[in-house]
Structure formats: C-alpha cells, structure tokens
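Please look over the sequence and the model before reading on. The paragraphs below take up a few features one after another.

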Amino acid sequence: AQIERVAASESRICIYGETGTGKELVARTLHEKSHRAAGPFVTLNCAAVPAELIESELFGHEKGSFTGAAQRHAGKCEQAHRGTLFLDEIGDMPPAMQAKLLRVLEEGEIERIGADKPTTVDVRVVVATHRNLEQLVESGGFRRDLYHRVVVFPVELPTLRQRSEDLPALVEHFVRQVSAQNGWKPIPFTDSAIDKLKRYAWPGNIRELRNVVERLLLLAGAVVDAETVELALPAGHSSGKASTANLHGPDHGG
C-alpha cells in the first residue's frame, strides 16, 4: 500500500531492509508504477564500487580527464535521465561523494570529471540501505543534510522471519519460476516440509529462500518432504548431509 501511494509522486524514497529482502525489486516497482516508467531504470551499488571510482561511475568523465580515460563516459546520473536512479547501500557512499550527490539533488546538475561546465539531469533518486542512517548521521558517517534529502518517505521491508505466513506462497512462486527456467515439471511440497522451512531463521531472507527452493528441487524425488529440507538447509541447521546419490540432478519429467 505504501509503494502504491508514493510511486506516482516525485518524492524521494529510502528503502530500509536486510540483505535479500527485495529492496531492488521494490525500487523497480516504484519506477514501473511512476510516470517515468518509459524512461531508464539505472542502478548503482555504492558498496560495490571502490571509493576512487565511484565519482566516475556516478557522474562520468571526459576523454583524457585522467589516466585510462580513453573516451568520454556517461555516468549513472546521465544514463538515468528522465528515469529513475537507484542507489543501493547509500550508507556506504564515501563522504566526499555524499557532498556531490547533494548538489545533484538540490540543483539537478552533475559535473563530469574533466568537464568545464555542468550538465542538467532530470532523475528521480531512490535509495536503499541495510544500515541505520540515523545512527550514521549521529556518528558522523552520513551527512545530515543529505539524509533529509533522501529520506523523504521511508519504506521498511520486513525480514522473512517476520512474514513466515507468506512463505508457502513464496515457495510456490519460486517452484514455478525455477521449474520454468529449467524445463522441469513442478513438484509439490508436503506440509511437514513447509513447517520445517518456517522454523528456519532465513538470515539471507527471500534471496536465500529462492536458492534453497532450487536446491530442494535438485534433491527431491516425487515430492519435497521434511527429510529433503533437512538435507538442503545449511550445516548447523541440518542434522543430515546431502547424499551424493541425489546430487546428479532432478528427474522431474518434461
């Protein structure tokens, strides 16, 4: 309901949630339900780009602006013109870049490395993080003025542990998805298998569930039962070990 409410607006949204809860999926949904849906959806994971490269990734550079800059490069902000720019793990953005991002949000302008004048961009910025930005602001790790620019409307994603009642529907969805991708015939899960999945803590959330469902389909015979689940869950949460006899792949029919 929150996503439906804010998608059509230009409000800046911060998606909070643990790793694997579906933050990028929410960001894509916000884009697809907005008036910018025909424009590009561009993502940048702030935690995955080295600090010395993030400025070029975000704002681009001119040819010859630094060693190795053999040609002009349009950054993510330019690529997202008239669309949505999704900045994942914004809490890991280096302080120097936070100041430059603030200018984009305030003035709608970027400056490529080596450029002699700014470029105007029209982007909606959606951010996400698994960290507590308020605590980062208090500790000096995140700019207070940037915080107030990007956290206009916070969306908190629940963990899979907090929404175990959704697990059967999610399992069914992933069974259909994985089976279709591999040309397998979907196989059912017993009630005891679902109960055992519900009792697991899911530290990797929905992303981990999808991987476990695929593992279960590889291990299972005619049905996925509690014993198969015991084999598929990580060591430490499982009393048994996967039998090598089952690891040759599924025989699920056409």
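Tyr200 and Trp202 are both buried. The model is a predicted one, and in it these two residues form an aromatic pair of the edge-to-face kind, with 4.6 Å from centre to centre and 80° between the planes. Trp202 has a relative accessible area of 1%, and since the limit for buried is under 20%, Trp202 is placed in that class. The loop between α9 (191–199) and α10 holds Trp202. The backbone at Trp202 also deserves a look: its phi is near 55°, a positive value in a residue other than glycine.

Arg82 is another non-glycine residue with a positive phi, near 65°. Arg82 sits in the loop between α4 (76–79) and β5. Is Arg82 buried or exposed? With a relative accessible area of 58%, Arg82 is exposed, whereas Trp202 is buried.

The aromatic pairs come next. A pair of aromatic rings is described by the distance of the centres and the angle of the planes. The count comes to two aromatic pairs. Besides Tyr200 and Trp202, there are Phe41 and Phe86, whose ring centres lie 6.2 Å apart with the planes at 20°, so this pair is stacked; the limit for stacked is under 30 degrees. Phe41 belongs to strand β2 (residues 41–45) and Phe86 to strand β5, and the pair links distant parts of the chain, 45 residues apart. Phe86 is buried at 0% relative accessibility, and Phe41 is buried at 17%.

Strand β5 (residues 83–88) leads on to β8, with which it pairs in the parallel sense over five bridges. Within this pairing, Thr84 stands opposite Arg124 of β8. Strand β1 (residues 13–16) also runs parallel to β8 and is joined to it by four bridges. Here Ile15 has Ala128 of β8 as its bridge partner.

Why is β8 described as largely enclosed by the rest of the structure? Seven of the seven residues of β8 (residues 123–129) are buried, so the strand is largely enclosed. In a regular strand the side chains alternate between the two faces of the sheet. In β8, one side carries Val123, Val125, Val127 and Thr129, the other Arg124, Val126 and Ala128, and all of these are buried, so that both faces are covered.

The next feature is open space. Rolling a probe the size of a water molecule over the atoms shows where empty space is left. The largest pocket contains about 630 Å³ of space. Its lining is made up of 26 residues, and those nearest the centre are Thr21, Gly22, Lys23, Leu25 and Leu157. Which element gives the largest share of the lining? That element is α2, with five residues. At least two lining residues each come from α1 (2–7), α2 (23–32), β9 (153–156), α8 (167–182) and α10 (205–219). By class, the lining has ten nonpolar, eight polar and eight charged residues.

Finally, the chain as a whole. The protein chain has eleven helices and nine strands, and its C-alpha trace spans about 65 × 40 × 35 Å along the principal axes. Of its 254 residues, 43% count as buried. Among contacts between residues at least 6 apart in sequence, 72% join residues at least 24 apart.

Technical notes:
Residues are numbered from 1 along each chain as its sequence is written. This is a predicted model: local features need pLDDT of at least 70, side-chain atom pairs count only at pLDDT 80 or more; totals for chains, interfaces and linings use all residues. Side-chain values use heavy atoms; hydrogens and water are left out. On a 1 Å grid over the protein atoms alone, a cavity is a set of points where a 1.4 Å probe fits but cannot get out, and a pocket is an open set with protein on both sides within 12 Å along at least five of seven lines; lining residues have an atom within 4 Å of a point. Grid points are joined across faces, edges and corners, and a volume is the space filled by probe spheres set on the points. Ala, Val, Leu, Ile, Met, Phe, Trp, Tyr, Cys and Pro count as nonpolar, Asp, Glu, Lys and Arg as charged, and the others, Gly among them, as polar. Buried means under 20% relative accessible area, exposed over 50%, partly exposed in between (1.4 Å probe, protein chains only). Two strands pair if DSSP finds at least two bridges between them. Rings of Phe, Tyr and Trp (its six-membered ring) pair if their centres lie within 6.5 Å; planes under 30 degrees apart count as stacked, over 60 as edge-to-face and the rest as tilted. Contact means heavy atoms within 4.5 Å.
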